[in-house]
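Thanks for making the time this morning.

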Amino acid sequence: MMKKLLIAASLLMIPVATPAFASDAHGPAKDLTIPIVAVDNPGQYGGHPFHGSFKRLPPVRLDGGETYNVGVIKSKAVKGEIPMDPLNRTWHQEDPVRETSYNQYNQSWEQAPATIWNDASATEVPMGPQNLVMPGLVVATVPMVKIKSVHNDKDIAFLLTWYDSTKSETETMEDKFSDAIAIMFPVKAGSEPSFMMGDDENPVHIVYWKAAWERDIEFGYQDVRDAYPNYNYDMYPEVIPAIGQTIDTPIRRYNEGQRQYIAAFKLRNISRVDPERLTPVEELNAVGFGTLTRQATNNATGNGVRRFGYWSVVIKRPLNSGDVQDSVLTPGSKTMMAIAAWDGRNRNDGAGGNRGPRKNYSNGGWIPLEIE
Amino acid sequence: MAKVRNWQLGREMDYPYEENRPGRQVSMLFDLNKCIACQSCTMACKTTWTAGKGQETIFWNNVESKPYGFYPLAWDVKVLALLGEQAQPWSGNKYNGTTIFEDLGMNQRIKGYLPDEMDYAHPNLGEDECLKILDGEGDYIKGPTHKNWGFFFPRICNHCTFPGCLAACPRKAIYKRQEDGIVLIDASRCRGYRECVAACPYKKSFYNDTTRTGEKCISCYPKVEAGLMTQCVTQCIGKIRLFGFKTADYDKINSKQVRENNPIDFLVHVRKIALPIYPQFGTEPSNMYLPPVHVNPDFLSQVFGPGVENSIKQYRNAGKDKELLAALLLFGVTERICDTFKLEGNETVGYDPQGKEIVRVPLTEPVYIRQVKNLKTGAFLTNNS
């Protein structure tokens, strides 16, 4: 009976510890424990931390996408609301034990229910290292981003998928940086801003997604206690006069006086410290390097999930938000967009991970965007 | 890269921005012979500015034990290694090596490194290991022992003329104030890239885990604007520090047209007794140190540059040098910033910018000889009878 159970467990690839009483007269029982392979382990695919193309992927079906465009991003017209889920979540439970093409119900990925993204054509965007302004990267750390787009009469959404062997979603430690991706449009229709974040005459509109914000939304604003669960600190002066508060009182419950001690919070630098964040994206404008500024009103939303070492991020924004700082996208028109991506864990650049100008950008700068 | 003039290196050097010196420059002098590492300055700063959430491991002011104490771990030896494994060469007062702004790699804006988060967790780890009091088991530092010497090294942001943090910030969120040369981070514009943390060779720009932004010493600017010295200076029980303004104009410094009656200019530019900290980094730090007289001169030369011998010679002679003594005795005697000072007989007098006297200190304390015994009551007044 015990043997049968263990065999069943091994078929299901559930890690089991061999109980001591399982040994029989023929010697100790075999160790049937299945080694757990981390999804984040680089070199899963042919020994390469990165891959060159999604066309040569192992049989992991993320979002369909068998039709590829070359050199152009095409936005497909769809009816009805665009869901924010890049994947069908109940189907694609991430399973660190088995990286197989079977999900938890032993069904093939081929049987996965279709999402709105299945029929949208994909574009593989090769990425290059930003090395025009220092500091930069020497080699690309995110060599390829796959992008799909759909729109209805109100919103346009982009699905960005890229491989990143390391999941970096905290910024709450001195030397940790977050994975991130951003898409950029010219603010003025028909203008051709510099692809280096615009220029004086031609501002650009940027929508920026960050993995750390995804975590903030899921688990609450990540603070010192989340980064260092066992640390102790006698008392913060800002919580001494407040009855009922402790060192673990979340900063979102601080009153204006207490926020004086959290300078960037008091100054409402909500790009960095936003304990009540609702969306993992923010909208920004720029007129060249070093001028990136968050918009007062943010209309875009986003949602990112991680599967099998891939980030899949949906960024949705109104076609025409009515905000003068936003770009207006019109169905039936042609415009252009650009992509930037950051691998927060990659230390090839010598001074920590990718952030700021240490980024990858779509090779050649702007990519044509055709809105159906 | 622009060419800028750095008087501490005796030559021009590369810097990402044009030379733009403030009207006057805040400066702090430290007499290292007097520091006892009581950390009063550290706690004065900590309780005033960095006691909040996210600032647990941030010390804008720290005191480390040299040669083996560091905060963050191994900061100076790591930056020196970036400049070259060999000692940085000086010929006279001219520096012949490279600074953090020169001889850059392909993707670099500035030579620097981002400390590991655990580098901040153990301030001064290894501080006493040169003394070999323990038998070596569990030592952090493994290496040759040497004769017992060491000194305590108080450090704050140097509010450099050519700040590494300012040059590194991709967002230009760091600025140097024209009126007093204080270097500040705009906390509402910072996006937490930590380029300043990586670039500052003194590792005096920090990252706040809660706000996810950079933070650094603000030179207590609300006090400085009111004519007062900073918290770390006024709380120093050893009276090792002096705070004030010094001449920032390069041409005046170079042609020795500095203000001789200003205590900072006098000690830095006239007597050259106060020396910059690691001038070879190239940022032209504004804080100056009177090197400790009993420490290995090779080590001192590496830290404070070529002026060490001259400085120590003058310091040892200070008892006979009334003018020098007059300036040295202004350390720690007043909370107000002395604009000028004057030697009057046996007293040194400090004046505010309006020329009003703010402090008067005798060069030699009067000696009172107490009676051994109260003759009326018969009580002993001393304990050496």
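How many residues of domain 1 of chain B are in contact with domain 2 of chain B? Before I answer, a word on conventions: this is a predicted model, in which local features need pLDDT of at least 70 and side-chain atom pairs count only at pLDDT 80 or more, while totals for chains, interfaces and linings use all residues. Residues are numbered from 1 along each chain as its sequence is written, and chains are lettered from A and ligands numbered from 1 in the order in which they are written.

Now the answer: 8 residues of domain 1 of chain B are in contact with 8 residues of domain 2 of chain B, where contact means that the C-beta atoms of two residues, placed from the backbone, lie within 7 Å. Domain 1 of chain B covers 2–290 and domain 2 covers 336–385, with bounds that come from an automatic or database domain assignment. Taken over C-alpha atoms, the centres of these two domains of chain B are separated by 35 Å. The side of domain 1 of chain B that touches domain 2 of chain B has 4 nonpolar, 4 polar and no charged residues; here Ala, Val, Leu, Ile, Met, Phe, Trp, Tyr, Cys and Pro count as nonpolar, Asp, Glu, Lys and Arg as charged, and the others, Gly among them, as polar.

Turning to the two chains, 37 residues of chain A are in contact with 34 residues of chain B. On the side of chain A that touches chain B, the elements giving two or more residues are helix 3 (224–227) and helix 5 (263–266) of chain A, and helix 5 of chain A gives the most, with 3 residues. Helices (H or I, at least four residues) and strands (E, at least two) are DSSP runs, numbered from the N terminus. By class, that side of chain A divides into 21 nonpolar, 8 polar and 8 charged residues.

Over residues 1–25 of chain A the pLDDT is below 50, and over residues 27–53 of chain A it stays under 50. Where pLDDT is low, the predicted coordinates should not be read in detail.

What covers the buried residues of helix 8 of chain B includes strand 3 (24–31), strand 12 (241–247) and helix 11 (322–328) of chain B. Following helix 8 of chain B comes B:Lys272, with a positive phi near 55°.

Finally, some backbone details. Most residues other than glycine have a negative phi, and most peptide bonds are trans. The bond from B:Lys66 to B:Pro67 is cis, with omega near 10°, and the bond from B:Tyr71 to B:Pro72 is cis as well, with omega near -5°. B:Pro67 sits in the loop between strand 4 (62–66) and helix 2 (75–83) of chain B, and B:Pro72 is found in the loop between strand 4 and helix 2 of chain B. B:Ser219, not a glycine, has a positive phi of about 50°, and B:Ser219 is buried, with 25 other C-beta atoms within 10 Å.

Notes:
pLDDT = per-residue confidence, 0-100. Buried ≥ 20, exposed ≤ 12 C-beta atoms within 10 Å, placed from the backbone.
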